[in-house]
Amino acid sequence: MEATNTQMKTVVYDDAVVRAFSIITIVWGVVAFLVGVIVASQLSFWQANFGVEWLSFGRLRPLHTNAAIFAFVGNGMFAGIYYSTQRLLKTRMANDFLSWANFWGWQLVIVSAAVTYPLGLTQSKEYAELIWPIDLLVVVVWVLFAVNFFWTLAKRNEKNLYVAIWFYISTIVTIAVLYIVNNLQLPTSLTHSYPIYGGVQDALVQWWYGHNAVAFFLTTPPLGLMYYFMVKAAERPVYSYRLSVVHFWSLIFLYIWAGPHHLLYTALPDWAQTLGMIFSIMLWAPSWGGMLNGLLTLRGAWDKLRTDPVIKFFVVAVTFYGMSTFEGPLLSIKSVSALGHYTDWIIGHVHAGALGWNGFMTFGILYWMWPRLYGTKLYSTKLAETHFWIGTISILMYVVSMWVSGVSQGLFWRALDAEGFLKYPDFIEGLTNSRAMYQTRLAGGSLFFLSSFLLVYNMIMTAKQGSPKTVSVQVPVKRPAGDKVSIWALMTSVPMLFITSILVVAFLFGFAGDMVSPILLAILLVLFIAGIISYGTSQKKWGQWYGLVERHALVFTVLALVAVLIGGAVEIIPTIIISENVPLEITDEMIAEDPSLAETAKWLQKPYSPLELAGRDIYVSEGCYLCHSQMIRPFRHEVLRYGDYSRMEESLLDHPFQWGSKRTGLDLARVGGKYDNLWHYLHLMDPRSTSPASNMPTYTHFKSKTVDPEMIVGRMRALGKLGVPYHEEDYDLAVQRFKSQGQMISDYLAGNDVNVAPDSEMAAVIAYLQRLGRGPQPVTPEVAAK
C-alpha cells in the first residue's frame, strides 16, 4: 500500500484466497451431495452397503453430514467472510499467511475426516465425531482464523461495524467455546478417547453443542452473509437497522438456551427440558424478524425476481430459513416432540435448513461473487435458472417425503388397540411402510446432486471467459479516529448497567432454589420493565451508546461472548452438580445409613465387563447410534414395545452416551436377554435372516476381527480416571475375565454349529448387546450355571 500526494493510499484486497475457498466449496459440495445420495440409497436398498465395512451406513453417514456442514457450508462461509470483511472494513486481511493457513488447515481437517470416518475412527457425537488429534487441528485452524479476523478489525479503515460483522464476531467466539467444551476428552491412544462427561452430562453438553453448532455455524454466518450479499444483489439498503439490532442480540442470547429440546422426555432433568422448550419457542420472534428484514430489503426490487437467478436463490433461501425456524420451535413443544422425535420428520426438518437455507444461500453467493472474482459476467443465466428450479423441486421432494414418513412413523409407533395394547407390535412394519417415501427422498437427493453439475459447468465457463481480477480501493492514509470514550465509561453507562444486571440476575436464577427463584424472577421482571421505560424516555442516548459499542470491537465482542455464555452456564453447571450428587457406587452400608438410596441402587448402572466394554467401543465405532436409540421415553406405547422407561442413573457411566436421535431400528436400551446369542450372531451376519424387511447392513467382519484384551485394560484405567468405579482387582483380572466371558459365548455358539473365536469382535458385540438393560453378565460357567 502506497500513500499518494492527496494523503490517500491504495488497498488491494486479497481475493486469491476467496477464489480458493470458492473453488473448494464447489468441489466439496459435489462430494457431500454424492455421499448423501449413497447413504439415502443404503436406506432404500441395503445392498448399497456393498458388504464392505468402510462403506456401511454407520460409517458414511457422519462423512456426509461433516462434508455438508464443514466442507461445503464451512468453506462457503470462509469465502463469503473473507470477501465481505475486506470490503466492509476497507482493508486487506491482516496477514496473508494466516489466510492461507486457514485455507490449507481447513482442507486438512476435511481430508482427515474423509479418511478416518470410513475406518470407524469416531467419537460418536453428532457433528463432533472427529477423533481428538483432528479436534486439536480444528482448534488451531479456528484460532488462526480468529486472529486474522480480529487483527483485521483492529486495522480497519471503516469506523462503524456493519451488521454482517456482528454475526461473524458471534460465530467466531461462540464456536470456539462450543467446540472446546464439547470435545474435552481423555485419550487412550492416538485414535481413541473417552469424553470427560458421562450419561446425562454428556447428553446435555453434546446437544448444547449440537444445537448451537446449527445456530452459530449454519445460521449466524449465513445471516451475516445475507446482510451483505443480498443487499448487494438487490442494490437496496437493509430494510431496518433497528430490526437488525434486535434480531442479532435476541438471537444469540436465546439460541444458546435451546439445546435441551433435543432431549425432551428423556432422562434429562425436567427443568432443563422445560427451559429448552421455552427458549426454543421464544426463538420464533428473532428468527422471523431476521427473515422479514431480509425479504423486505427487496422492497422496490421485486422485479429482479423474474430475471435474476441470484435473487431467486436468495429469496427461497431466506424463505426456507423462515420455514425451518418455524418448524424448529414447533418440534420443541413437548406434545409435538412426542410424535416427531426419533422419526424421519426430524430428517426432513434438518434438510430443509441444510439444502434450502444453507445450500441455496451458498449457491446464490457463488453465482453473485464468482463473476466479480474473474472480472466478467455469469456465463449462462439460463443454466443458473435451470439449477434453481431443479434444486427447488428436489428439496421439496426430499422434505415432503420425510414429513409424510415421519408423521406416519410417529402415529404407527404410538397406535394402541381398544384394550390399550400395541396395534402394530412389529416395528419393522413401520419401516416397510416408509419405503416408498425413502425412495422419493432418494430421487429428490439424486436430482439435487445432479443439478449441482450445472453450477460446476457454469462456474468453469465463467472463469474461462474472464481472468482472476485484482480489486483495489483508495482510502485515507490516516485511519478514522477512535471515539474519545473509555471502555470503563461504556461499561458503566446506564444501558450497560441495565444489561449487566439482567444477565447477572438471569444467571443467579438458574442456580436458585424454590425459595429464592420467585424473588429473582420478580427482580428480573422489574429490571426488564425499568429498562424498557429507560429506553422509551431516552432513545437518543441509548442509540448513541449502542453506536459507540458498535464502533468499539473489543467491547462488542465481550458483550456477545457474555450473552452466549449465560445460557450455557445456567443449563450445564446445575446438571453436572446434580449428576455428581448421584453416587456411582452404592454399598449395603450406604443403604443402611440412607434407605432412600435403595431405589437409586436398583437402577444404578454397574461398570461394563472387559468384553462388554470392548463390544461397546465397537458399537460406537460402527455408528450404531445413528439408527438405534438407547432411551425409552415414559410413554405407554414405548414401555409396551421396549420395556420400562429409562432412568438417569442407568447411563451415568456411559462415555460417550448412546441415547441416539433416530430410530431406523428398534430401541436397544433393554434388548439384553430378549434374544439368545445365536440370534444376535445371525442378525449381525445377515439381518434379513431374522428380520426379512430390515435395511441394516451386514457385519460379517465382526467374525474375523479380534480384540486385544490388554488394550481394553488400558481403556478401563482411563474410564477409572473419569469416575467409573473400576478397582485394582478389576484391572488385574480383566484379561482373565475377558477370555472367560468370550469363551462362554464361543462355546454357546459352538453348540449351535457356529464357530466364533472368544476374542473376536463378534463375541464382544454380542456380550455388549446382552448387557443392555441388565446387570453385568456371568463371566464363568460356574457362575452362569448358578
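Visitor: How many residues does helix α1 have, and what span does it reach from its first C-alpha to its last?

Guide: In this predicted model, helix α1 covers residues 16-44, which amounts to 29 residues. From its first C-alpha to its last it reaches 43 Å, close to the 42 Å expected at 1.5 Å a residue.

Visitor: Is α1 enclosed by the rest of the structure or exposed?

Guide: A residue counts as buried under 20% relative accessible area. In α1, 23 of the 29 residues are buried, so the helix is largely enclosed by the rest of the structure.

Visitor: At what angle do the axes of helices α9 and α10 cross?

Guide: Angles under 35 degrees count as roughly parallel. The axes of α9 (residues 270-282) and α10 (residues 284-296) cross at roughly 25° and come within 4 Å. The two helices are therefore roughly parallel to each other.

Visitor: Which residues meet where α9 contacts α10?

Guide: Ser280, Ile281 and Met282 in α9 meet Trp284, Ala285 and Pro286 in α10.

Visitor: Turning to the strands, which residues of β1 form its covered face and which its uncovered one?

Guide: Strand β1 spans residues 8-12. Lys9 and Val11 make up its covered face, while Met8, Thr10 and Val12 make up the uncovered one.

Visitor: How many bridges join β1 to β4, and do the strands run parallel or antiparallel?

Guide: Strands pair when at least two bridges are found between them. Here 5 bridges join β1 to β4 (residues 472-476), and the two run antiparallel. Lys9, on the covered face of β1, has Val475 as its bridge partner in β4.

Visitor: Where does Gln86 lie, and is it buried or exposed?

Guide: Gln86 lies in helix α2 (residues 57-89). With a relative accessible area of 0%, Gln86 is buried. Its C-alpha atom is separated by 9.6 Å from that of Val11, 75 residues apart along the chain.

Visitor: Which residues is Gln86 in contact with, leaving aside its neighbours within four places in sequence?

Guide: Gln86 is in contact with Tyr13, Asp14, Asp15, Val18, Thr91, Arg92 and Met93.

Visitor: Where does Asn752 lie?

Guide: Asn752 lies in the loop between α31 (734-750) and α32 (761-771). Its relative accessible area is 34%, so Asn752 is partly exposed. The C-alpha atoms of Asn752 and Leu678, 74 residues apart along the chain, are separated by 7.5 Å.

Conventions
Residues numbered from 1 in each chain as written. Predicted model: local features only at pLDDT ≥ 70, side-chain atom pairs only at ≥ 80, totals over all residues. Heavy atoms only, no water. Axes fitted to C-alpha atoms, helices over the stretch in contact; angles between N-to-C directions. Parallel < 35°, antiparallel > 145°, perpendicular 65-115°, else oblique. Contact = heavy atoms within 4.5 Å. Expected span 1.5 Å × (residues − 1). Buried < 20%, exposed > 50% of the residue type's maximum accessible area, 1.4 Å probe, protein only.
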